[in-house]
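Have the model open while you read.

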Amino acid sequence: MNLAAWNTTLQFAGVSAIFALSIYASLWTGVLSLAPVFFGAVSAFTFGWVTLTVGLPPVAGLVLAAAGGGLLGVLTAFLVLRLESHYLAMATIALVLIGRVLVLNMEDFTGGVAGTLAPGDLGTWLWCLGCLGLAAYVLARLRGSRFGLAASAVREDPAVAQSLGINPRSVQLVGFVLSGVFGGMAGVLQASFLQFIGPDTFYTHLGFTTLAAVVLGGAFHWLGPIIGAVVFTALPELLRGPLGEFDSIVTGLLLVVIIIYLPRGLVDLRRLRLLRGRGKTAVSE
Amino acid sequence: MSNAIEIEGLVKTFGGLRAVADVDLRVPQGSIYGLLGPNGAGKTTVLNMISGFLTPDQGVIRVHGKETHGLPPHRIAREGVSRTYQNIRLFPGMTVLETVATGAYQRRRSSILGAVLLSRAERRERAEVTAKARALMEQVGITAPPGALAETLSYGDQRRVEIARALAAEPRVLLLDEPTAGMNDAESHQVGELLLTLRGQGLTLVLIEHNMRLVEEFCDQVTVMNSGAVLAVGTLAACLEQPDVREAYFGKRSDARRIETLRRARRG
Amino acid sequence: MTLVIQQLVNGLALGAVYALFGVGFALILTKMGILNVAHGTFATWGALVAYFAVADVGLPFPLALVVGVVAAGVIGVLTDLVAFEPLRRRNAGLFAPIIASIGMWILLLTVAQAVFGATATSFPDHAVPSGPIKFAGLVILPAQLLNIAAALLVAFGLHLALTRTRFGAAVRAISADPRSATIVGVNAARTLRLVAFTAAAIAGLAGVLAGLSSNNVSFDLGEALLLKGFAAVVVGGYGDIRGAALAGFMIGILEVVSAQYISSGFRDAITFGVLLVILVLRPQGMFGERKLARA
């Protein structure tokens, strides 16, 4: 693979990482949600429309999409948060399915089957790393905060969290808002990199590979999804040489192996702490 | 003296089985109150209804005069009720310090935005919470370092972390479900002393406890339950005067002891 | 009037495939507590194996159908052994099996593409009688009858097996608690394998019939079925597989009718819209109980 190809691949890895953080933001509060794909679709097509048809500058489109994503996150939360975990996951998958149908049928707005163009102005390293950095910074700051501790508590044991005065629904609502903002940003960047978006750009495939990236990297620290996304974007490119078009065999295999043998992913703070703890006792003995 | 908890006519049925049948309970404010009875008597079910994990089928629960039955657990927690668990429930992956700090959730005011921008209020609050968590760790007698994974601590220390986590919420009522299970006599006694200190700070404590010596030494009053109903109310000594209490409770105490010995052997 | 009845028949025949698929999907979801996304690929494999049994090996269609169904069932058992059994042993919770099943989905689909080559095709014309049956002004294809008969047979058969037999009792015991089931003398391992086989074999059957009636055997076949089968399970409810079957038929009718009277473009929009409305307003489904089994 030549340098230009690597450049493109890594930029896509950056966008995938923002999508992965969007999934992580919900997962942090104990919600398995594929809604980020839906958020991405809505924001990407909105971005295409406001920049090319309405004539707003691309940066305004990005800001609008991020804000709109947050709002969509709130709406989605109100719609699905009453459901129990299995149903909730299903409802977000249903949202992704419905998203594609909407894209297909709102032709004036989305271009229908043919898809639509999007300006490539934001498809640069600067915007990619800027948005990724912003998302990572927010999550890192929240980690030890009141919200961060509550989110982890709700995820690990919602009943105990409740007995500490934490309302799981409101913590998860915040998770959905973060997820919506990140998903909105990722959708716009994806559109700007591809410069063309269609009904299949934001569909189950994106959702499942992004989820796979989160699981691989680790869903218990914000660094995990980023590393997972980079590995998951770069690996197929590396494997394309030896395996040809069947590189996804490794993707699938990796996913099964990871969830069975490394269920907390590559970046696992708990394992680190365990090791560190053991080291300490060894010293004190 | 007014009551911290008042329960009238509490009923809970599981699939036709009456786990709690018409229970009344009055816990005076600022007391250490024991909930006794053989296994399966319905003690934990009562505790679960007070903290809101279970909704009573019938009956009234008042905490400091306010009706709480039917409220979700987090609303009851905000009325000043905290608790620990019979089967320890710590958050996997969290350090001791994080676990205790999580308990302070209700006492913190910082916003999402403040946390992201790391405002001065946020920094001050974090420092306060950390200091408070460390103080609580010391008060309950946790010897492990604050950065250790809570789930790797000794059994007794895990129970103490649960108590510290509950206390971080600054409750007015603390419910303890077998706080000394798995502890040796010296450790149990330490817990008893801690209860006295907390009572001195104005807390009301309700505990389910099998260790009779501890109950005798530290509980102001007890309620003895059997098969979901109240057998006796009063001081331990008075309750033990009643023949049906002796029959129900001491008949089974050998069981409780045997189970406890087994548990210890398995753990050791 | 004839048109309406004709549409109903077409809808039933289409819905029969959804019902069939939904029943197997529901079996795994409700009894094993696993949201198995790879279930669609079982249908793809069933259809592809049956196709190659007919086209390359030259087996008669009924025999090829059996081969396809058994192949799908075997793949289902392998999936269960490789992906779900280790998680079950670890008591890994709700999310892990979903993720493992995504991995199996990618894996099985790519292997299928590698083995069969990535071309869409259809069963040969002589596979089943293609002459339409004319009856009271209606035109019914033999494949349509086959669909409906298969769906009814499987749904009722499975329901009876689950409610009236020792197998059903074993499944209920395991779905309540896999560990204590073993204690009361249920052979948990064998029952789990049998459930995995049955569910996947039904998916395989749905795949073959879907390929037959749409004249299209391709790698997307399973995914399309998965989405509709998923809708059928959600709409029908989780407690009872009859709900999934009934909802499958309803979705088929809804699709045919909305394509006829509204717009064919909105066919899927209506199905998924109903799906979302049901999820939000009545998450236990139209005919279902409230609780899901735990993984």
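Predicted model: local features only at pLDDT ≥ 70, side-chain atom pairs only at ≥ 80, totals over all residues.

1. Start with chains A and B: 30 residues of chain B are in contact with 27 residues of chain A. Being in contact here means that the C-beta atoms of two residues, placed from the backbone, lie within 7 Å. On chain B, the elements giving two or more residues to this side are α2 (73-78), α3 (96-103) and α4 (112-117). Helices are DSSP runs of H or I with at least four residues, numbered from the N terminus.

2. Residues are numbered from 1 along each chain as its sequence is written, and chains are lettered from A and ligands numbered from 1 in the order in which they are written.

3. Now for chain C, which puts 35 residues into its contact with 30 residues of chain A. Helices α3 (61-90), α4 (95-116), α9 (221-236) and α11 (267-281) of chain C each supply at least two residues to that side. The most come from α4(C), with 14 residues.

4. Inside chain C, look at α6 (residues 166-176) and α8 (residues 188-214): they pack at about 105°, with axes 10 Å apart. Axes are lines fitted to C-alpha atoms over the stretch in contact, and angles run from 0 to 180 degrees between N-to-C directions. The two helices, α6(C) and α8(C), are therefore roughly perpendicular, a label for angles of 65 to 115 degrees.

Terms used:
Parallel < 35°, antiparallel > 145°, perpendicular 65-115°, else oblique.
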